[in-house]
Amino acid sequence: MKIKTLFFGITTDLVNASELQIVVDENTAIKDFKKVLKNQFSTLEKIDSYAIAVNEEYADDDTILTEKDVVAVIPPVSGG
């Protein structure tokens, strides 16, 4: 199934896109989705961590994706 995936901040530069369709198997959990991302975009290894939001809500690693979900990849935020 195809998952609409949005990238923000430095992740946009690392994958060279702000939005992509990522193909995953049905019943894919976020932890597996992260593996798919790192396999397709080894440049994501350059950041220590990033948050995943599904349909505008932060998701944990056990969240299961469905075809109509919109996933956001959010890099760490620093500020002062």
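These legends describe close-up views of a predicted model. Local features need pLDDT of at least 70 and side-chain atom pairs pLDDT 80 or more, while totals for chains, interfaces and linings use all residues. Residues are numbered from 1 along each chain as its sequence is written, and side-chain values use heavy atoms, without hydrogens and water.

**View 1. The open sheet has five strands in the order 2-1-5-3-4, with mixed pairing.** Strands (E, at least two residues) and helices (H or I, at least four) are DSSP runs numbered from the N terminus; two strands pair if DSSP finds at least two bridges between them. Strand 2 (19-23) and strand 4 (57-58) each have a single partner strand, so one side of each lacks a neighbour in the sheet.

**View 2. Strand 5 pairs with strand 1 and with strand 3.** Strands 1 and 5 run parallel, joined by four bridges; lysine 4 stands opposite valine 70 of strand 5. Strands 3 and 5 are antiparallel, also over four bridges, and valine 54 has valine 71 in strand 5 as its bridge partner.

**View 3. Strand 3 (residues 51-54) pairs with strand 4 in the antiparallel sense over two bridges.** Alanine 53 has tyrosine 58 in strand 4 as its bridge partner.

**View 4. Phenylalanine 7 and phenylalanine 41 form an edge-to-face aromatic pair.** Ring centres of Phe, Tyr or Trp (its six-membered ring) must lie within 6.5 Å; planes under 30 degrees apart count as stacked, over 60 as edge-to-face and the rest as tilted. Here the centres are 6.3 Å apart and the planes 70 degrees. Phenylalanine 7 is in strand 1 and phenylalanine 41 in the loop between helix 2 and strand 3, 34 residues apart.
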